[in-house]
Amino acid sequence: MILRDRSASGEIETEILVIGSGPGGAVSGTLFAQSGRQTTMVEEGDHLALEAAPHFSREEMLLKYRNAGVGVALGRNKLAWVEGRCVGGGSEVNRGLYHRTPGYILDDWRRRFAVHDLDLAAMAPHFAACEEVARVEYAGSAASDMSRRLQQGAQAQGWLAIEAPRLYRYDRDQGGGVKQSMSATFVRRFIEAGGALLPATRIDRLRRMNGRWIAEGSRRGEDGKRRPVTFRARTVVAACGAVQTPALLRRSGLSHNIGNSLRFHPMVKVVAEFDRDVNQPGDFDPVHQVKEFEPRFGMGCSITTPAMLGVALSSRPGHWDLVAERWRRMGIYYVQSGGGEASVRNLPGFEDPIVRVRFSQGDLSVMGEGLHRLCEALFAAGAQRIYPCLAGYPDLHSPGDLVNLPPVLQASDGSVTSVHVFSSCPMGEDTRRSAANSFGKVHGTDGLYINDASLLCGPTSVNPQGTVMAVAHRNAAEALARRFR
């Protein structure tokens, strides 16, 4: 163990302190530890096995999500979002759908934020390095019928649809496999390289003193009680996630372009009911996506268990009876966009920050159009009935009923959700718009870096985990090459 506890002063000394163990923190910490740097990684949540609870179950939400999966961004059009809180972060609880960042997204970020070395050629080796550790595979012929229905409907409309690969090692013979989460891949390598991992440890604030960063927080012991803990580090990497990183930095007196530009992939869902069974126990997680309309909006197929169907249909009378009778014929599908912008602010006396979100009429119009297109694809795929998961929206029985859908999204009850959260502390050399430089060093500081989804300059249009991992790898490699100058 490279960690040294100075019990007389109650301080723990380390060369590099990484706060957070999700995709950004795990990749960063692993590179630092493998280079021989004394590295400590702290995580607010617990260190749990992937199989500690069934995936997408109530038990998993209680164990591995912040606030049991309940997060709400407030505003005229509310948005419900989820955040992992365990070793490995969101990678432990998501499906692991994986994409490299589209080139046009990187080009846009370079132009608008003056980000250096962020084109496809520069990023390719960092994507490849991450993919070598956390394997990326396709389900292929093992993909579920429910997933394939979306692809078939899109193709019937003449739209581009693909199978997305996953961070997953498939075992098709056994009908299972191993998820390539951070705890199973990078965190394991971090520990093997000599890194020190401290779960159940929360950092409340940072301060600079005598050329070192002092990180003050608390740690939960085996008795369940929290006790103060302080770290002294030459370098600190904030990788707490796109909501918690700006909250930490703002509590620490840093606010320049921090927490002002949080973005989501806002999502609305529908349940499609088909004329025969499409949803079988033991099916692999759905993988097909419609790319025809990106970056304005994209479509996909969601996890569809009886419990998830019950939640999705909760605004309808008798929904549990409906689910019990027909769940094998049902699939949950979504449309998501990149609209809306939010802020992150701390409130005195509250542990978690408040998130406020704003949607323009243009944002809501795009979501309305996307919902209409999604229903078109599902009817083309053979859906007999479609239930929009929005309070007050009518059930749809045929393509002719689509005229009853509002052209502008009307939901204001939290029916809009998101599992992709990013861009609260964007990177770049344009200090008028960015919180950190092109490689994550916080403007105006020494030895303080951000290396998580906060750094992304805007929506990725695809699942952002691959982008977060590759950017973190790029930034950590650059910091090591420059010796953290």
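A salt bridge is a side-chain nitrogen of Lys or Arg within 4 Å of a carboxyl oxygen of Asp or Glu. Glu216 and Arg207 form such a pair, with 2.9 Å between the closest N and O atoms. The model is predicted, and it holds 29 salt bridges.

**Salt bridges**

- Both partners of the Glu216 pair are partly exposed: Glu216 has a relative accessibility of 22%, and Arg207 has 36%.
- Salt bridges with shared partners link Glu44, Arg66, Glu83, Arg85, Arg202, Asp204 and Asp352 into one network.
- Within this network, the side chains of Arg202 and Asp204 form a salt bridge at 2.8 Å, N to O.
- Arg202 is buried, at 8% relative accessible area, while Asp204 is partly exposed, at 21%.
- Arg111 and Asp108 are joined by a salt bridge between their side chains, at 2.7 Å, N to O.
- Arg111 and Asp108 lie three residues apart in helix 3 (residues 103-113), which means about one helical turn separates them.
- Arg111 is exposed, with 61% relative accessible area, whereas Asp108 is partly exposed, with 23%.

**Helix 1 and helix 11**

- Helix 1 (residues 23-34) packs against helix 11 (residues 465-481) with the axes 8 Å apart and at an angle of about 30°.
- Angles under 35 degrees count as roughly parallel, so helix 1 and helix 11 are roughly parallel to each other.
- The two helices cross in a right-handed sense.
- From helix 1, the contact residues include Val27, Leu31 and Phe32; from helix 11, they include Met469, Ala472 and Leu480.
- The residues of this contact comprise 10 nonpolar, four polar and no charged.

How values were computed: Residues numbered from 1 in each chain as written. Predicted model: local features only at pLDDT ≥ 70, side-chain atom pairs only at ≥ 80, totals over all residues. Heavy atoms only, no water. Axes fitted to C-alpha atoms, helices over the stretch in contact; angles between N-to-C directions. Helix = DSSP H or I, 4+ residues; strand = E, 2+ residues; numbered from the N terminus. Parallel < 35°, antiparallel > 145°, perpendicular 65-115°, else oblique. Left-handed = near helix turned anticlockwise from the far one by under 90°. Contact = heavy atoms within 4.5 Å. Nonpolar A, V, L, I, M, F, W, Y, C, P; charged D, E, K, R; others polar. Buried < 20%, exposed > 50% of the residue type's maximum accessible area, 1.4 Å probe, protein only.
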